[in-house]
Amino acid sequence: MVRVRFAPSPTGFLHIGGARTYIFNWLFARSQGGRVILRVDDTDARRNTEESLESILDGLSWLELPWDERHHQSTRRELHAQAAASLLANGHAYRDFTPETEASPATRGTAPWLCNPGMRELSSAASDRRAAAGEPFVLRFRVPREQAGGVPFRDLVLKKQFRRFSDIEDFALLRSNGQPTYHLASSVDDADLAITHVIRGQDHLANTFKHLLLLQALGYEAPRFGHIPLLLGPDGTKLSKRLHGDLVSVTNYRDMGFLPVGLVNYLSLLGWSPKDNREVLTVADLLAAFRVERVLRTNARVRFGSGKDASEVDPKAVWLNGQHMRKMPVAELLPLASRALRTAGLWSEDFADGRREWFAGALEDLRSRLSLLSELGSRCRAYFADDFATVGKARTNLDKAGVRPMLGILAARLERAERFDEASVEAEIRGLAAERGVKPGLLINGSRAALTGQPVGPSAFRVFTILGRARAVRRLRAV
RNA sequence: GGCGCUAUCGUCUAAGGGUUAGGACAGGGCCCUCUCAAGGCUCAGAUCGGGGUUCGAAUCCCCGUAGCGCUACCA
């Protein structure tokens with residue numbers, strides 16, 4: 001049984017790099033009937049925050065790729081402590097009493113640091129005595145550098161990997177406050193939670209050799225590792241909360257009006273592709289096509305915050321989202337759309353009950369023009385509310401000679417017309433245009449402007465029927 | 001500095017020895033048309049440099065170069 005884990009540390013919001021790691025893990029596991037474990041790596045108590053955890057959970061659940069189990073490292077301290085003790089007992093670890101201040105990396109930059117002088121050689125008697133006396137220490141792993149070999153492993157993505165013992169430093173297992181470090185906690189938990197595959201960013205590659213050493217010393221069977229390429233910002237550096245800000249937060253994409261599948265599709269195409277030129281992929285499509293071995297080894301640059309216009313994200317992400325907006329079944333779009341209207345303050349329970357059909361119909365006409373859900377509440381406001389602004393170009397259409405009076409006449413005729421449907425409205429408009437000797441477009445565009453405040457949108461005749469006779473007539477008169 | 005990963009259009013990518021180096025987004029143009037989209041067609045645009053191996057290299061090897069990552073008592 002395949003078991004993967006995603007292990008965020010609650011020190012900030014979930015950014016799209018983390019989300020992509022989660023997505024790759026999820027696709028890998030679920031495509032072969034495996035389970036997805038969410039493990040909150042909160043070993044560094046100083047840096048963890050509750051808000052961060054919430055926002056990570058928020059972002060993750062929004063993706064609609066559910067996990068199967070959830071664990072917190074902070075509740076598994078006992079396990080970590082036991083592992084540390086056994087490592088110390090069997091000589092795989094030693095106490096390093098070097099004060100933190102003296103261990104400053106000031107001397108680095110020339111030769112690589114491997115361990116602090118004198119500490120490896122301390123006799124266990126001396127070590128025990130100093131520890132018993134209350135002297136603080138860091139517990140370090142004793143890398144077998146006296147041996148000639150190294151650590152080999154076969155990476156799921158990078159294939160054959162090898163690192164000499166002599167290039168691996170004696171990494172910390174326990175901090176001087178007794179808390180486990182990431183290396184210890186992560187390796188022990190991976191083993192204890194029976195994780196079979198660890199899929200993580202390439203920035204962890206150097207750690208993997210340490211973890212392999214640790215797992216072996218502990219007598220655990222190691223999981224398979226796969227290191228996926230990193231997501232880089234427009235500046236070419238690893239995506240980070242600090243450098244790239246809220247712009248890269250998953251919740252930012254949500255708030256911009258992305259569909260979960262839109263973002264999932266976009267992120268899955270960064271560093272991976274189905275190799276057959278398909279790009280618009282549903283989660284089912286992704287599940288069927290995803291292969292970890294086919295993940296690329298090259299980092300991908302994510303475009304965002306390009307500057308001048310409002311498009312602060314990769315236009316391709318927006319395009320993909322638009323594709324999903326018009327291709328997914330309306331029934332699936334409906335709840336997402338109502339949520340978008342709700343956040344825009346335009347939701348009416350009416351849409352859910354009696355006018356569900358109407359809502360679906362309106363969406364059907366609107367969605368081919370939209371890329372983001374949020375446009376429902378902005379550009380499409382007039383379809384869902386009576387208070388809407390008339391934009392400049394729409395005003396221009398209304399200001400053209402004779403348009404307003406003709407719209408008034410049109411309003412009167414439509415009000416007492418026998419029928420009110422697309423065909424009859426079109427007939428009225430074209431008839432009136434012919435009478436007045438003007439181009440139908442003048443009235444058509446004028447109508448759209450009067451009815452929606454926009455120069456653009458669905459067929460003007462359709463707009464009449466979406467709004468209904470009463471509202472349409474009222475709006476024609478209002479201009 | 002050390003160790004490692006990588007290198008195809010502006011961006012995301014396809015081509016795992018033989019193709020006019022393909023697709024998508026973005027950009028230009030055309031068609032459709034009541035507007036805007038959508039859709040269809042089309043133009044422009046790339047193999048980092050140098051050496052090998054080979055009849056033949058984007059693809060394999062080496063050397064440069066560049067980018068990125070790691071080099072914590074962060075994860």
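This is a predicted model: local features need pLDDT of at least 70, side-chain atom pairs count only at pLDDT 80 or more; totals for chains, interfaces and linings use all residues.
View 1. Ala289 belongs to helix H10, which covers residues 283-289. Ser273 is 16 residues away from Ala289 in sequence, and the C-alpha atoms of the two are 8.6 Å apart in space.

**View 2. Chain A as a whole, as a setting for the close-ups.** Chain A contains 21 helices and twelve strands, and its C-alpha trace spans about 105 × 40 × 40 Å along the principal axes. The radius of gyration of chain A is 31 Å, whereas a compact globule of 479 residues would have a value near 23 Å. Of the 479 residues, 38% count as buried. Among the contacts in chain A with a separation of 6 or more, 77% are accounted for by residues 24 or more positions apart.

**View 3. The largest nonpolar core.** This core has 91 residues, and the members that touch the most other members are Ile16, Ala19, Ile23, Leu267 and Ala337. Helix H1, residues 16-30, supplies the largest share of this core, with nine residues. A second, separate core has 24 residues, including Ala84, Phe171, Leu173 and Phe209. In soluble globular proteins, nonpolar side chains tend to be buried together. With neighbours within four places in sequence left aside, Ile16 is in contact with Leu231, Leu239, Val248, Val250, Leu267 and Val302.

**View 4. Helix H1 and its crossing with helix H9.** H1 is 15 residues long and reaches 20 Å from its first C-alpha to its last, close to the 21 Å expected at 1.5 Å a residue. Because 15 of its 15 residues are buried, H1 is largely enclosed by the rest of the structure. The axis of H1 comes within 10 Å of the axis of helix H9, residues 260-268, and the two cross at roughly 85°. H1 and H9 are therefore roughly perpendicular to each other. On the H1 side the contact is made by Ile16, Ala19, Arg20 and Ile23, and on the H9 side by Val264, Leu267 and Ser268.

**View 5. Helix H4 and the glycine that follows.** None of the nine residues of helix H4, residues 124-132, is buried, so this helix lies largely in the open. H4 is followed by Gly134, whose phi is positive, near 90°.

**View 6. Lys159, a residue other than glycine with a positive phi.** Lys159 is not a glycine, yet its phi is positive, at about 65°. Lys159 is found in strand E7, which covers residues 159-164. With 9 other C-beta atoms within 10 Å, Lys159 is exposed, since a residue with 12 or fewer such neighbours falls in that class.

**View 7. The loop between helix H5 and strand E9.** Ala194 lies in this loop, which is placed between H5 (182-192) and E9 (197-201), and its phi is near 55°, a positive value in a residue other than glycine. Ala194 has 13 C-beta neighbours inside 10 Å and so counts as partly exposed. Thr196 has its place in the loop between H5 and E9 as well, and Thr196 counts as partly exposed with 17 C-beta neighbours inside 10 Å. Not counting residues up to four places away in sequence, Thr196 touches Val2, Arg3, Pro223 and Arg224. Phe225 is 29 residues from Thr196 in sequence, while the distance in space is 8.6 Å from C-alpha to C-alpha.

**View 8. Val456 and its separation from Arg175.** Val456 is located in the loop between helix H19 (440-452) and helix H20 (460-467). There Val456 is partly exposed, with 13 other C-beta atoms within 10 Å. Arg175 and Val456 are 281 residues apart in sequence, and their C-alpha atoms are 63 Å apart in space.

Conventions. Residues are numbered from 1 along each chain as its sequence is written. Chains are lettered from A and ligands numbered from 1 in the order in which they are written. A nonpolar core is a set of buried Ala, Val, Leu, Ile, Met, Phe, Trp, Tyr and Cys residues joined through C-beta atoms within 7 Å. A residue is buried if 20 or more other C-beta atoms lie within 10 Å of its own, exposed if 12 or fewer, and partly exposed in between; C-beta atoms are placed from the backbone. Helices (H or I, at least four residues) and strands (E, at least two) are DSSP runs, numbered from the N terminus. Two residues are in contact if their C-beta atoms, placed from the backbone, lie within 7 Å. The radius of gyration is taken over C-alpha atoms; the globule rule is 2.2 Å times the number of residues to the power 0.38. The expected span of a helix is 1.5 Å times one less than its number of residues. Axes are lines fitted to C-alpha atoms, for helices over the stretch in contact, and angles run from 0 to 180 degrees between N-to-C directions. Angles under 35 degrees count as roughly parallel, over 145 as roughly antiparallel, 65 to 115 as roughly perpendicular and the rest as oblique.
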